[in-house]
Amino acid sequence: MLEGIRDLIQATDVDGIPTLLAPQDGPMTAGLVFRVGTADETVATGGITHLVEHLALFTQNLSAGHQNGETHDNFTHFFVRGTESQVVAFLDSVCASLRDLPVHRAAVEKDILRTEANGRGFGSAYAQRIERHGAVGPGVVATGELGLAAIDTEQILEWARTYFTRDNVVLWIAGDRIPPGLRLDLPSGARHAVPRAAAIPQAMPAYFPGSQGSVLLDAIVRRSAAAALYSRVLAKSLFRALRQEGGYSYTADCRYEPVDAERARITVYADALPEQQAAVIGGLVDVLAALEAGTIHAEDLSTARTASLDVLDVPHLGAAMLPSTAMDLLMGARVVHPAEVRREYEHITPADLAAIGREMKADALAQIPEGDLEWAGFSPSPRWSRGAVQGARYPRIGDPTTVVVIGNDGVSQTTPHGAATVLFDSCVGYLTWPDGARTLLGADGFRVSVEPSLHLGMTAETIAALDAAAPQGAVIPLPPRAPDEIPQPPSAVSIPKLPTRPLRWRGYGAWAVVVGVITALLGLVFFATAIDLTASVGTIDEDGDHLTASVGTIDEDGDLVTPGDVVARWTIVLIMAGATIQFLGGAHRRRRWKRLVAAGWQPPL
Amino acid sequence: MSRVPEIEHPREPSYDTFADIPDYASLRAAVDAGDWRGLEVGLDSLPADEATYAMTLLAEVAGIEAVLEIEHAAHAESAHIATLLAMRRTVQAWEARTRRQSADVEPERFAAFLSLLRESEIMLIAVCGAHPNFAPAWAARITNARGLQLGASEMRRRARRHADLSPHDLTAQGAQLQYLLPKWFGTDDDAAAFARGCAAAAPEGSTAPAIVAVYHLERWLETGGRAAGTAYLSRPEVLAELRASAARSVLHVAYRPTPLGVVAHSAFLMAFWLAGAHADAAVHVRALDGRASEFPWRYAIDEPSELGRIRAEILSQETAARR
């Protein structure tokens with residue numbers, strides 16, 4: 001594999017670990033490259049590689065040498081510059097740490113990483129990763145190391161045992177020789193191939209709305225000198241069109257980076273000066289169209305080609321190639337001699353670049369700050385999941401058109417515009433808070449938040465049942481939220497008390513109020529007469545007649561008022577009272593029913 | 001007292017179309033014969049602004065899309081054919097939408113409008129990519145920017161790319177003016193400043209200063225026409241500006257009559273006529289000698305047949321005023 005470049009780089013080994021050596025002036029530099037990165041993680045283990053890197057560096061003797069570590073998508077890099085003994089000490093120390101990770105330090109390092117992550121923020125590059133890949137592989141880095149909250153000591157050690165081994169690493173040294181006394185004592189393991197970065201299937205090219213002030217576009221193409229040159233030409237053309245000639249952008253650039261042995265990601269970025277967003281979008285479309293058609297300014301092509309060739313012209317080319325050769329070796333990519341690369345660059349024609357342009361367009365995902373891109377042939381990237389689950393419905397208080405649905409298969413949040421759904425089968429992150437809130441992250445990048453304080457009918461039991469259904473391996477317990485971080489329903493909405501027993505009867509309509517008032521009035525009238533009647537039973541009239549109550553009395557009209565009459569009268573009063581209660585009560589029940597339904601309560605069938 | 005002299009007009013009042021403009025005889029012959037390469041040569045022999053105008057008129061020929069689609073499929077590399085087909089799609093788009101206010105257009109018509117405009121735009125993007133110096137494609141994209149509701153900075157970017165290739169182009173500047181009107185996406189200040197800037201920058205004898213007449217006609221339209229419109233157009237400062245623009249443009253000694261000149265003359269004529277400035281109008285009537293363009297006449301009249309009466313009225317008023 002490395003025979004072809006042995007005039008530049010010597011391939012050897014140290015303790016059986018593949019080592020690349022190339023001469024360089026000045027202090028020695030060395031790098032230990034492991035084939036593991038954020039793209040190997042899941043959301044639930046997000047940050048674990050970075051954590052291991054930090055732990056491996058913790059026991060550093062901070063001698064005068066210059067040293068550092070970096071975690072990328074596919075590689076974790078430890079490098080050092082200094083005297084031979086400083087290099088030996090550093091590499092020895094890193095290996096010692098990796099053999100026996102200072103896991104007691106994990107909590108502190110997690111805090112440090114969390115602080116770093118908070119400072120980073122979620123930029124358009126992260127949005128691009130999620131949109132293209134979802135919350136897996138290259139998209140994991142965009143979820144912000146959430147996994148740190150869940151990762152335990154055993155997982156950290158397991159990760160180190162799996163990936164930070166002698167079989168998954170390459171050492172490179174820029175210097176005259178392998179420094180004497182260098183040992184690389186790492187445990188055995190296996191070589192781990194780069195996981196193939198999959199994209200969420202959708203019609204391409206596609207676009208989606210992004211934040212204000214800039215345009216981003218990327219595509220994954222086949223690795224080649226032509227693709228690398230295309231990126232440089234695109235950068236120059238974009239700069240010329242958007243900044244120099246147009247004055248629409250301050251920054252307009254393009255980057256090319258390998259993602260695995262065969263493929264590379266080309267990323268285009270341009271910012272927009274105030275009021276120029278639309279022109280930046282249109283300008284980008286036209287620059288891409290020009291390259292696709294092979295319309296390339298001769299000057300752009302020659303300066304790009306010269307820049308590419310200049311890279312191959314440096315005095316210690318072998319040393320300059322060391323890090324990328326180490327990575328290519330670990331990726332299983334073909335290592336090409338710079339002379340062959342030079343020949344390729346010299347022979348690339350506008351037609352070759354046009355072919356790359358077409359390949360790029362076919363896989364392009366654009367992030368734009370305004371409008372749509374359908375006029376340029378881009379399809380809208382779906383903003384909503386294809387469907388929603390069926391299950392128990394929890395409308396939002398104050399907005400019953402937004403509903404969280406918890407079903408057997410997963411959770412959805414439905415709105416009049418569409419639904420976001422995460423199925424348990426493809427839930428890669430299940431975030432939990434002590435206050436009961438939950439957020440589910442799906443492999444396709446969609447997420448659903450469940451906030452019990454905002455939804456009618458959501459109880460501790462609801463959340464417990466959800467917890468039982470969620471995939472245990474994806475659980476990420478997060479620290480308590482401050483009270484003002486917990487969302488509250490809008491204060492203008494009064495939350496009706498839910499019935500504790502099933503409320504089945506919905507009462508009577510407004511007519512019942514009318515009838516109830518009538519029966520009430522009648523009842524009062526009868527009540528008055530009943531009192532009167534009762535009072536007249538068993539009295540002595542002015543004539544001195546006294547009649548026994550058992551027979552009856554003679555009222556002022558001379559009629560006999562029997563006890564039966566009195567009982568009958570009181571019965572009518574009771575009937576009227578009962579009717580009034582029934583009708584007015586029924587009307588009140590209807591009002592309550594309506595309030596509950598308006599708040600989103602579901603009446604039993 | 002003598003009779004009002006009869007002015008003989010050899011032809012029936014009608015609008016200029018691709019089918020009847022005398023200057024386009026050879027272009028017509030090429031189209032009729034299916035000689036598309038000949039058409040391209042003919043268009044390339046015209047000044048850029050006249051070529052674009054000729055293409056927009058050809059794109060208005062009903063049914064022309066059929067032959068254009070066939071030719072485009074056979075010769076995808078031809079910028080002229082692709083641009084003609086794209087322009088035709090844009091015409092079809094506006095026919096689907098009708099010229100009503102947005103709020104009055106049914107959703108299905110609007111969907112058809114956008115779909116056809118997108119077809120047009122995708123073809124034009126490819127033409128501009130392969131032939132970045134082909135002015136008619138950029139001109140067509142200025143109009144598309146309005147229909148597709150692209151931002152002002154994008155419309156200006158296209159207009160700038162076009163102006164670099166063909167400055168003082170009445171068709172392209174007219175498209176830009178439409179975007180800048182309050183009825184579309186601009187303000188009156190934007191529109192006025194733009195029109196005046198075009199007129200001031202144009203060389204003497206150019207048709208471009210007629211954009212000032214178009215601007216004032218758009219303002220007339222905004223007032224609702226009739227009495228309020230006449231009051232606006234007959235303001236001394238408006239008339240002065242119209243006269244100055246006409247004097248630099250189609251009334252200038254350097255002016256050479258072209259099909260685009262008919263549009264320019266028509267704009268001045270209509271503005272003076274609506275203002276009641278018959279003496280000024282009469283100059284343009286005589287210069288036009290019976291020719292007229294649909295734009296901007298369609299703002300004021302329903303049928304070109306009314307032009308005969310209008311001309312007669314203008315000339316008789318002029319004669320009366322002279323006595």
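This is a predicted model: local features need pLDDT of at least 70, side-chain atom pairs count only at pLDDT 80 or more; totals for chains, interfaces and linings use all residues.
Two packed helices are described by the angle between their axes and the distance between the axes. In chain B, the axes of helix α14 (residues 259-275) and helix α15 (residues 278-288) come within 8 Å and cross at roughly 155°; since angles over 145 degrees count as roughly antiparallel, α14(B) and α15(B) are therefore roughly antiparallel to each other. The crossing in which α14(B) passes α15(B) is left-handed. On the side of α14(B), the contact is formed by V262(B), H265(B), S266(B), F268(B), L269(B), F272(B) and W273(B), which meet H278(B), D280(B), A281(B), H284(B), V285(B), A287(B) and L288(B) of α15(B). Of the residues in this contact, nine are nonpolar, four are polar and one is charged.

The largest nonpolar core has 154 residues, and those with the most contacts inside it are L373(A) and W297(B). Helix α14(B) supplies the largest share of this core, namely 13 residues. When residues up to four places away in sequence are not counted, L373(A) touches Y207(A), I281(A), V285(A), A366(A), I368(A) and F378(A). A second, separate core comprises 39 residues, among them M28(A), L32(A), L148(A) and I151(A).

In chain A, E145(A) lies in the loop between α4 (124-133) and α5 (153-163). This glutamate, E145(A), counts as buried because its relative accessibility is 14%, the cut-off for buried being under 20%. With neighbours within four places in sequence left aside, E145(A) is in contact with G46(A), G47(A), H50(A), L113(A), A117(A) and R120(A).

Notes:
Residues are numbered from 1 along each chain as its sequence is written. Chains are lettered from A and ligands numbered from 1 in the order in which they are written. Side-chain values use heavy atoms; hydrogens and water are left out. Axes are lines fitted to C-alpha atoms, for helices over the stretch in contact, and angles run from 0 to 180 degrees between N-to-C directions. Helices (H or I, at least four residues) and strands (E, at least two) are DSSP runs, numbered from the N terminus. Angles under 35 degrees count as roughly parallel, over 145 as roughly antiparallel, 65 to 115 as roughly perpendicular and the rest as oblique. A crossing is left-handed if the near helix is turned anticlockwise from the far one by less than a right angle, and right-handed if clockwise. Contact means heavy atoms within 4.5 Å. Ala, Val, Leu, Ile, Met, Phe, Trp, Tyr, Cys and Pro count as nonpolar, Asp, Glu, Lys and Arg as charged, and the others, Gly among them, as polar. A nonpolar core is a set of buried Ala, Val, Leu, Ile, Met, Phe, Trp, Tyr and Cys residues joined through side-chain atoms within 4.5 Å. Buried means under 20% relative accessible area, exposed over 50%, partly exposed in between (1.4 Å probe, protein chains only).
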